[in-house]
Amino acid sequence: MVKIILPLAAGVVMGMWTLPARAAGPIRVMLLDGESGGPYHKWELTTVALRKELEETGLFQVDVVTAPPSPQGFGNFHPQFEKYQVIVSNYDAMEWPAELKAGFERFVKNGGGLVAVHAADNAFPRWREYNQMIGVGGWRDRNQAAGPHWFFQGGRLASDASPGNAGGHGSRVPFAVVARDGEHPILRGLPNVWMHQGDELYNSLRGPGEHMTVLATAFSDPANKGTGKDEPVLIVLTYGRGRVFHTTLGHDINALSCVGFLTTLQRGTEWAATGTVTQKVPANFPTANSVSYRTDIAAIDPNYKRGLNGLDAGH
Ligand code: ZN
């Protein structure tokens with residue numbers, strides 16, 4: 001008996017010693033919001049869904065940090081980035097003071113995770129380091145100076161540096177998402193193609209595109225104001241020691257209710273924080289032929305409860 005017990009006990013103790021500190025508790029998430037480029041992004045509402053989707057995994061402890069609207073200034077806004085392992089940004093502001101930007105850069109550079117959701121890639125057109133983190137962005141007067149337009153062609157990443165504005169999309173109809181790196185931890189076990197719930201399919205995003213891997217694309221249909229190109233929709237990047245997951249999906253609650261969206265958000269946030277993914281793929285994940293969405297998430301939108309599908313304009 002002694003011969004069996006001793007190695008087991010030693011193994012347990014060694015196992016405890018080698019556990020990383022973060023395994024002791026949930027992953028701490030700062031869900032950043034507070035501003036949008038226009039009323040078409042209802043961040044107060046979408047934050048509720050993003051928070052629910054992260055918390056239901058049991059992996060994350062989420063604090064919502066709401067920045068003041070720009071005109072009020074940021075004098076009393078001192079978010080403690082270092083308390084968190086990952087920042088999930090549902091935030092689209094024009095500019096930040098230098099001190100705030102430096103703290104954010106330090107956080108990611110030193111190994112903090114960043115998740116940029118949809119219009120977070122509209123934010124900060126003139127902040128060079130932020131655009132390095134997200135790889136590509138759109139609107140807010142971005143043009144060729146921001147970098148080339150990145151897309152997939154012939155099975156690989158390509159770019160076009162010719163002049164033009166950054167950012168476009170058609171009407172919010174369901175579309176197919178195509179995995180381009182199915183072995184990445186975020187996508188492992190997911191189908192190669194799945195249908196995404198009606199959403200804005202961003203096109204013509206521009207940026208430096210450095211240290212960037214496009215995990216999934218979607219075909220931007222010219223019949224729906226598209227480019228005719230396979231546009232990036234799920235992207236990972238590194239910035240210093242930090243990992244970045246950038247999803248261009250998630251315009252509104254309807255889009256956020258997609259099981260494909262929430263699964264990649266949950267997995268992408270864990271990956272950005274830890275470099276690994278421990279979550280199983282849900283059984284109701286969408287297929288190549290049909291969308292799958294959660295009515296409990298969709299019901300966060302009062303328009304859904306009233307039987308309406310808000311078809312407001314914007315990006
Ligand atoms: Zn949008």
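**The enclosed space and its surroundings**

Author: The count comes to 1 cavity of 30 Å³ or more. A cavity here is a set of points, on a 1 Å grid over the protein atoms alone, where a 1.4 Å probe fits but cannot get out. Keep in mind that this is a predicted model, where local features need pLDDT of at least 70 and side-chain atom pairs count only at pLDDT 80 or more, while totals for chains, interfaces and linings use all residues. Residues are numbered from 1 along each chain as its sequence is written, and side-chain values use heavy atoms, with hydrogens and water left out.

The largest cavity holds about 100 Å³ of space; grid points are joined across faces, edges and corners, and the volume is what probe spheres set on them fill. Its lining (residues with an atom within 4 Å of a point) has 15 residues, and His-41, Thr-46, Asn-90, Val-117 and Ala-119 are the closest to its centre. By class, that lining is 5 nonpolar, 7 polar and 3 charged residues. Nonpolar covers Ala, Val, Leu, Ile, Met, Phe, Trp, Tyr, Cys and Pro; charged covers Asp, Glu, Lys and Arg; the others, Gly among them, are polar.

Phe-261 belongs to the largest nonpolar core, which has 41 residues; along with Val-29, Val-115, Leu-187 and Leu-234, Phe-261 touches the most other members. Such a core is a set of buried Ala, Val, Leu, Ile, Met, Phe, Trp, Tyr and Cys residues joined through side-chain atoms within 4.5 Å. Helix α6 (residues 259–274) gives the most to this core, with 7 residues. Apart from that core lies another of 38 residues, Phe-77 and Trp-139 among them.

Buried means under 20% relative accessible area, exposed over 50%, partly exposed in between, with a 1.4 Å probe and protein chains only. All 16 of the 16 residues of α6 are buried, so α6 is largely enclosed by the rest of the structure. Just after α6, Gly-275 takes a positive phi of about 85 degrees.

Conventions
Helices (H or I, at least four residues) and strands (E, at least two) are DSSP runs, numbered from the N terminus. On a 1 Å grid over the protein atoms alone, a cavity is a set of points where a 1.4 Å probe fits but cannot get out, and a pocket is an open set with protein on both sides within 12 Å along at least five of seven lines; lining residues have an atom within 4 Å of a point.
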